[in-house]
Amino acid sequence: MPTEPPCCAPRKALIALATAAGLLLTDPLDAAPLPDWPVPGGVARVALDTDSRPDEVRYDDEPVMVRSTPEGWQALVGIDLDAEPGTHTLKVDGEPLAFEVQPIDYEEQHLTIDDEDMVSPPEETLERIWAEQREIRAAFRSREVDAQPHLRLHTPVAEHRISATFGLQRFLNGEPRNPHNGLDMAAPTGTPIEAAEAGRVVETGDYYFNGKTVFIDHGAGLVTMYCHLDEIDVDTGQWVERGEPIGTVGETGRVTGPHLHLSVILNGNTVDPNLFL
């Protein structure tokens with residue numbers, strides 16, 4: 001757990017401190033560390049007081065990833081960006097297990113969007129948007145792949161500039177909107193995008209806000225979403241390997257320029273991709 005409010009220090013500095021203090025989880029697949037970051041939009045590492053793997057661990061009624069570590073069995077819990085700080089509860093084989101979520105202050109971002117329909121959609125587009133949101137939420141909760149994925153993900157755009165970080169409190173044309181639930185990697189249109197980890201393409205589509213989008217289920221509740229593509233080069237149901245091309249950078253949907261919006265989803269909640277990259 002952070003010893004000070006997470007907003008009081010840069011993310012990478014806290015991760016470095018955690019590494020030095022031995023607070024990082026070792027991924028049994030690739031020995032890469034995953035930071036413990038129990039904040040809204042973060043990942044909590046919760047020790048399970050059991051000698052054997054539990055049959056089921058749930059958070060907000062969603063199955064949770066469980067890993068074996070040198071310290072014992074642990075749950076890796078994706079925490080929703082809208083979660084309230086304080087005591088939260090897992091269900092471990094039906095029994096409650098409490099853990100704490102710490103507060104965090106994300107920065108603001110003010111953007112100007114030329115197309116006003118992308119800020120305040122007209123009435124006739126709302127049914128489409130609601131249907132797309134249901135499809136997106138279903139992809140977030142995909143459980144098609146039975147695998148334990150690597151927790152250190154492959155960077156999907158080799159050469160890029162970070163144009164927007166995770167969690168930003170966004171204002172579009174002065175109007176408050178939902179916080180930014182991904183990491184934006186700016187690159188020229190047509191730049192290749194590669195799969196962050198092996199998995200199955202569970203959905204693709206061309207959405208009102210997200211533009212051309214690919215969803216990949218990597219197993220154990222880990223899903224990645226790639227938005228605003230210029231071209232999609234994979235099909236729903238296709239298996240892709242880590243680092244395999246899946247499309248190209250574009251500026252479809254609601255954008256201010258060409259970039260990849262990468263979201264990482266854990267047990268149905270979008271979490272900070274920087275924890276995995």
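A nonpolar core is a set of buried Ala, Val, Leu, Ile, Met, Phe, Trp, Tyr and Cys residues joined through side-chain atoms within 4.5 Å, where buried means under 20% relative accessible area with a 1.4 Å probe, counting protein chains only. Keep that idea handy as we walk through this predicted model, in which local features need pLDDT of at least 70 and side-chain atom pairs count only at 80 or more, while totals for chains, interfaces and linings use all residues. Residues are numbered from 1 along each chain as its sequence is written, and side-chain values use heavy atoms, with hydrogens and water left out.

How far can you trust the picture? The pLDDT, the predictor's confidence in each residue from 0 to 100, averages 88 over the chain, and 88% of the residues score at least 70. Residues 1-23 are another matter: pLDDT stays under 50 there. Where pLDDT is low, the predicted coordinates should not be read in detail.

Now for the overall build. The chain has two helices and 22 strands; these are DSSP runs numbered from the N terminus, with helices (H or I) of at least four residues and strands (E) of at least two. Of the chain's 277 residues, 51% are buried.

So what sits inside? In soluble globular proteins, nonpolar side chains tend to be buried together. Here the largest nonpolar core has 37 residues, and Tyr226, Ile246 and Phe276 have the most contacts inside it. Strands β14, β17, β18, β20 and β21 each supply at least two of its residues, with β21 giving the largest share, four. This core lies between domain 1 (42-101) and domain 2 (108-275), because both give residues to it; the domain bounds come from an automatic or database assignment. There is also a second, separate core of 16 residues, including Val46, Val57, Val66 and Val101.

Finally, look at threonine 213, which lies in strand β17. Is this residue buried or exposed? Threonine 213 has 0% relative accessibility, so it counts as buried. Beyond residues up to four places away in sequence, Thr213 touches several others, including Glu203, Tyr207, Tyr226 and His228. Its side chain also reaches the backbone oxygen of asparagine 210 at 3.3 Å. Leucine 260 is 47 residues away along the chain, yet the C-alpha atoms of threonine 213 and leucine 260 are separated by 9.7 Å.

How values were computed:
Buried means under 20% relative accessible area, exposed over 50%, partly exposed in between (1.4 Å probe, protein chains only). Contact means heavy atoms within 4.5 Å. A polar contact is a pair of N or O atoms within 3.5 Å; within protein, one must be able to donate a hydrogen and the other to accept it, and residues adjacent in sequence count only if both atoms are side-chain atoms.
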